[in-house]
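Here is a short report on one protein chain. Look at the structure first, then read on.

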Amino acid sequence: MNLWRRLSGRNRTLALTGAGVLVAGGLVTLPVTAAQAATQCSVTYTTSDWPGGFTGTVTIRNIGDALSSWNLGFTFPNSSQRVVNGWSARWSQSGQNVTAQNESYNGSLASGASTTIGFNGSWSGSNPKPTQFTLNGTVCNGGTPSTSTPPTSTPPTSTPPTSTPPTSTPPTSTPPTTTPPPGQRVDNPYAGVKGYVNPEWKAKAESVSGGSRVSNNPTAVWLDRIAAINGTPNSSSNGAMGVRDHLDAALAQGAGYIQFVIYNLPGRDCSALASNGELGPDELPRYKAEYIDPIAAIQGDSKYRNLRIVNIIEIDSLPNLVTNTSGNAGGTVMCDTVKANGAYVNGVGYALAKLGAIGNVYNYIDAAHHGWIGWDSNFGPVADQLKAAAVASGSTVANVQGFIVNTANYSALKEPYVKITDTVNGQTVRQSKWADWNQYLDELSFAQAFRQKLVSIGFDSNIGMLIDTSRNGWGGSARPTGPGPSTSVDAYVDGGRVDRRLHTGNWCNQAGAGLGERPRANPETGIDAYVWVKPPGESDGSSKEIPNTEGKGFDRMCDPTYTGNARNGNNMSGALPDAPISGAWFPAQFQQLMQNAYPPLS
């Protein structure tokens, strides 16, 4: 009986501009003299430290006249301290001197208003905190006027007088811009609103003849590394737009929802090679501080409170802990490691808790596909594993809006001509080589049944399922028009199934695949939406080893000459030739997907 499966060697990466609000490591509240009475300010600086690195969070509060732009300056005490990357400001460093200039969206600061910016840094020896900050060239001091024109009633002091405390708590009349009121969640974030069209994917789609027919469909923005938070303009598999860029673009489009794929767990994709990640299996602290926290800080910005933000949580992760560890066919050492150290469970739990605390965010956990966990031996245990993660690291099931199946995979939505209950010459369809005793033949029946199982073990009865239909159409001339011959159970199934893969375990750049159902809300009972989470035309992995600086490996399942392994029944891989690294644009695949679309394109 098949036990395994890995979903797709996906790697869309897209972009997010990060932002993070982290605390720890001490707090410095500095304010100092203003050179001009009009500019007065208070700065709070906190850090979250780990060996050799840290995340710095800086809150700037304007307690002088309104500002239309600002430039923050400070000096690191230690010459080894460096800003590695930052968010919510344009960061630069010369020697030990650091400057942060406002972005277009946060330059205006009313009197009493504040803004929070952040950065990831490195250090050696020690990580002391700066002792002085300037704003627009003026030393911050919490509101005491310049000594050249002191007020008669309150002489300047080195510490602000008790009657005018440093404004670590903002005036009640002007709430800080970084702590917005929570959004109002709805039952289905996809219902009644239009989705965000990623302009970077749209441009790629329209570069292929006929691509304009589908280029206005909403697709997800993938985040497969820390750098993607700010955008990676020189990457073949990421875009220059970061998270905040996409969110701002969604507002400009008038979109009602936007989708992000959270995809950077420590020891990611433990059973595959094409989409391994940047973080080692023991780097959970980095995952939290450098990846999830900055994303949460951006998504929590008040300017986005009316936008429904959908997060697809860590595809190809939790089911691996059930099917690809020791004792299973093809179990790996990496999967054993992340199961033993709790990296996946605690990483997912932390992401759910942190992102779920934002009122307009909707979390959907990846739940594999029918060809991976449709067997009785996998179905229940995977559900239990998802529940364990949903209540880990301070999370609860309330942080889970639902689950997604078939992410970046090819499993048919519906099999119209073959039913799991059919029999041929006294043999059940489950005995066919294709079904291999699986309880399901398509994603819709699997998703609906798995939803019921999840509700039965404690998830909310209102959870909804998503099905990724970006590449499971299986149309074109090879699509069957009726059942296969009844000469044998295998002939019946193989002749009538619309999924034309050689094996349900084949996941990489599948030949003959087509675009599936277009994204839409409430298509079936229990299904929140059909979605295009994997942007069509972005590679699952390279068909041969391609050296790169993006951490993308080579998996033989992406090699069209590969004759297979125990996981795919020793079948050929079924992969397309000449594919680039995972996440990179693959125009030949996109052309085929349009050609074989079902429903067909007009």
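Start with helix H9. At 1.5 Å a residue, its 14 residues should span 20 Å, and its end C-alpha atoms are 20 Å apart, which agrees. The expected span is 1.5 Å times one less than the number of residues. Helices (H or I, at least four residues) and strands (E, at least two) are DSSP runs, numbered from the N terminus.

This is a predicted model: local features need pLDDT of at least 70, side-chain atom pairs count only at pLDDT 80 or more, and totals for chains, interfaces and linings use all residues. Residues are numbered from 1 along each chain as its sequence is written, and side-chain values use heavy atoms, with hydrogens and water left out.

Which residues of H9 are buried? They are Glu443, Leu444, Phe446, Ala447, Ala449, Phe450, Arg451 and Leu454. Buried means under 20% relative accessible area, exposed means over 50%, and partly exposed lies in between (1.4 Å probe, protein chains only). The buried residues of H9 pack against helix H7 (370–373), H8, and strands E15 (402–405), E18 (464–468), E19 (520–524) and E20 (527–531). Just after H9, glycine 458 takes a positive phi of about 125°.

## H8 against H9

Two packed helices are described by the angle between their axes and the distance between the axes. Helix H8 (residues 376–390) and helix H9 (residues 443–456) pack at an angle of about 55°, with axes 10 Å apart. That makes H8 oblique to H9. Axes are lines fitted to C-alpha atoms, for helices over the stretch in contact, and angles run from 0 to 180 degrees between N-to-C directions. Angles under 35 degrees count as roughly parallel, over 145 as roughly antiparallel, 65 to 115 as roughly perpendicular, and the rest as oblique.

The crossing of H8 and H9 is right-handed. H8 contributes Phe379, Gly380, Val382, Ala383 and Leu386 to the contact, and H9 contributes Phe446, Ala449, Phe450, Lys453 and Leu454. Contact means heavy atoms within 4.5 Å. By class, the residues of this H8–H9 contact are 8 nonpolar, 1 polar and 1 charged. Ala, Val, Leu, Ile, Met, Phe, Trp, Tyr, Cys and Pro count as nonpolar, Asp, Glu, Lys and Arg as charged, and the others, Gly among them, as polar.

H8 has 15 residues. From first C-alpha to last, H8 reaches 22 Å, close to the 21 Å expected at 1.5 Å a residue. Its buried residues are Asn378, Phe379, Gly380, Val382, Ala383, Gln385, Leu386, Ala389 and Ala390. Their cover includes helix H4 (320–323), helix H6 (343–356), strand E14 (361–366), H7, E15 and H9.

The axes of H6 and H8 come within 7 Å and cross at roughly 55°. H6 and H8 are therefore oblique to each other. Val345, Val348, Gly349 and Leu352 of H6 meet Gln385, Ala388, Ala389 and Ala390 of H8. The contact of H6 with H8 has 6 nonpolar, 2 polar and no charged residues.

## Backbone exceptions

Most residues other than glycine have a negative phi, and most peptide bonds are trans. Alanine 408 is not a glycine, yet has a positive phi of about 55°. Alanine 408 lies in the loop between E15 and strand E16 (423–424). Is alanine 408 buried or exposed? It is buried, with a relative accessible area of 0%.

Asparagine 570 also has a positive phi of about 55° and is not a glycine. Its loop runs between E20 and H11. At 55% relative accessibility, asparagine 570 counts as exposed. A cis peptide bond joins tyrosine 598 and proline 599, with omega about 0°. Proline 599 sits in the segment after H11.

## Proline 580 and H11

Proline 580 is in the loop between E20 and helix H11 (587–595). Leaving aside neighbours within four places in sequence, proline 580 contacts Ser539, Gly541, Ser542, Ile546, Trp585 and Phe586. Proline 580 and serine 237 are 343 residues apart in sequence and 9.4 Å apart in space, C-alpha to C-alpha.

In H11, Gln589, Phe590, Gln592, Leu593 and Met594 are buried. Helix H1 (199–206) is included in what covers them.

## The whole chain

The protein chain has 11 helices and 20 strands. Of its 602 residues, 60% count as buried. Among contacts between residues at least 6 apart in sequence, 77% join residues at least 24 apart.

Terms used
A crossing is left-handed if the near helix is turned anticlockwise from the far one by less than a right angle, and right-handed if clockwise.
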